[in-house]
Amino acid sequence: MAFSCHSPLALKIDHLGQTIKPCGTVKGQKFPFPIRSNGAELGHCNQSQLNQRSRVNFIRDWSFIGGSRVDVKPKPMRLVPFRKANRVYASWLTGSQLASSAFTLGTTAVLPFYTLMVLAPNSELTKKSMESSVPYVVLGVLYAYLLYLSWTPETVALIFASKYLLPELTSIGKMFSSEMTLASAWIHLLVIDLFAARHVFLDGQENQIETRHSVSMCLFFCPIGVLTHVITKAMTKSARKNKHSL
């Protein structure tokens, strides 16, 4: 851009509120006037230094008081970020919500089976339900999925924390501080408890032994439920022997 100034007054170029003293040629133009930068004059510079500092727009203005005035305004630079190919990962639930939902789903899923074994042990629906493997497959898939989400290298380190590669109580406590790990452990317990209650129920049906109390105990305290079934079975057999002997 070429321009000429015929004013006898001093011509100034303001750059960001400062004036710079030019020296040399800027894009083929010589400026016979001082350039100021924030009220302080700068040293001489060459064309490459001026070009490297900023890209400017020249705005010519005339004033009878100040003479010719050329404002140098920086040209705004627009940064265009490089966008990678967008991959949209949709997640319905967060980790905490997923763990809570799995906890509730697993708990409510096993309750109908316990209800049938306790309230209607001799029903055909109860017998068919207990012979089916569908609930164990469904809960097993849910457990495997939660285990996959909760399994990290830190989990392995916590399980084999001791020098003998055995679990320690403190490390297991740290491991179960994660809600996802806790939910997977809860599903694990539900499956094992239901499987034990099913075994108690089927054994009771085969040997004509009362199992409702033992099945109920399996829901809350599975080892105690199994123990009560063993005691009930032994007592029932002993009573039958005594009855036959009489």
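A residue counts as buried when its relative accessible area is under 20%, as exposed when over 50%, and as partly exposed in between (1.4 Å probe, protein chains only). The model is a predicted one, so to speak of local features a pLDDT of at least 70 is needed, side-chain atom pairs count only at pLDDT 80 or more, and totals for chains, interfaces and linings use all residues. Residues are numbered from 1 along each chain as its sequence is written, and side-chain values use heavy atoms, with hydrogens and water left out.

Of its 246 residues, 28% count as buried. The protein exposes about 17400 Å², and carbon and sulfur atoms supply 63% of that; areas come from the Shrake-Rupley method with a 1.4 Å probe, and for residues only the protein chains shown count as cover. Taking contacts (heavy atoms within 4.5 Å) with a separation of 6 or more, residues 24 or more positions apart account for 50% of them.

Now for the inside. A nonpolar core is a set of buried Ala, Val, Leu, Ile, Met, Phe, Trp, Tyr and Cys residues joined through side-chain atoms within 4.5 Å. The largest one here has 22 residues, and Tyr 114, Met 117, Leu 146, Leu 194 and Val 215 have the most contacts inside it. Helix 2 (95–119), helix 4, helix 7 (179–207) and helix 8 (212–220) each give two or more residues to this core, with helix 7 giving the most, nine residues. Leu 194 touches quite a list: leaving aside neighbours within four places in sequence, its contacts are Val 110, Phe 113, Tyr 114, Met 117, Pro 135 and Tyr 136.

Next come the charges. A search of the whole structure turns up two salt bridges, where a side-chain nitrogen of Lys or Arg sits within 4 Å of a carboxyl oxygen of Asp or Glu. In one, Asp 203 pairs with Lys 233, the closest N and O atoms being 3.4 Å apart. This pair links distant parts of the chain, since Asp 203 is in helix 7 and Lys 233 in helix 9 (residues 222–245), 30 residues apart. Asp 203 is buried at 13% relative accessible area, whereas Lys 233, at 22%, is partly exposed. The side chains of Glu 210 and Arg 212 also form a salt bridge (2.7 Å, N to O). Glu 210 is partly exposed at 38%, and Arg 212 is partly exposed at 38%.

Aromatic rings get together too, with three pairs in the structure. Rings of Phe, Tyr and Trp (its six-membered ring) pair if their centres lie within 6.5 Å; planes under 30 degrees apart count as stacked, over 60 as edge-to-face and the rest as tilted. The rings of Phe 220 and Phe 221 have centres 6.4 Å apart and planes at 45°, so this pair is tilted. Phe 221 is partly exposed, at 47%.

Finally, the surface. Trp 151, Val 156, Phe 160 and Leu 165 form a nonpolar patch with about 400 Å² of accessible area together. Patches are made of residues with over 30% relative accessible area and no salt bridge; like charges are joined within 9 Å, and nonpolar side chains (Val, Leu, Ile, Met, Phe, Trp, Tyr) within 5 Å. Trp 151 lies in the loop between helix 4 (134–150) and helix 5 (153–159) and is partly exposed at 44%.

How values were computed
Helices (H or I, at least four residues) and strands (E, at least two) are DSSP runs, numbered from the N terminus.
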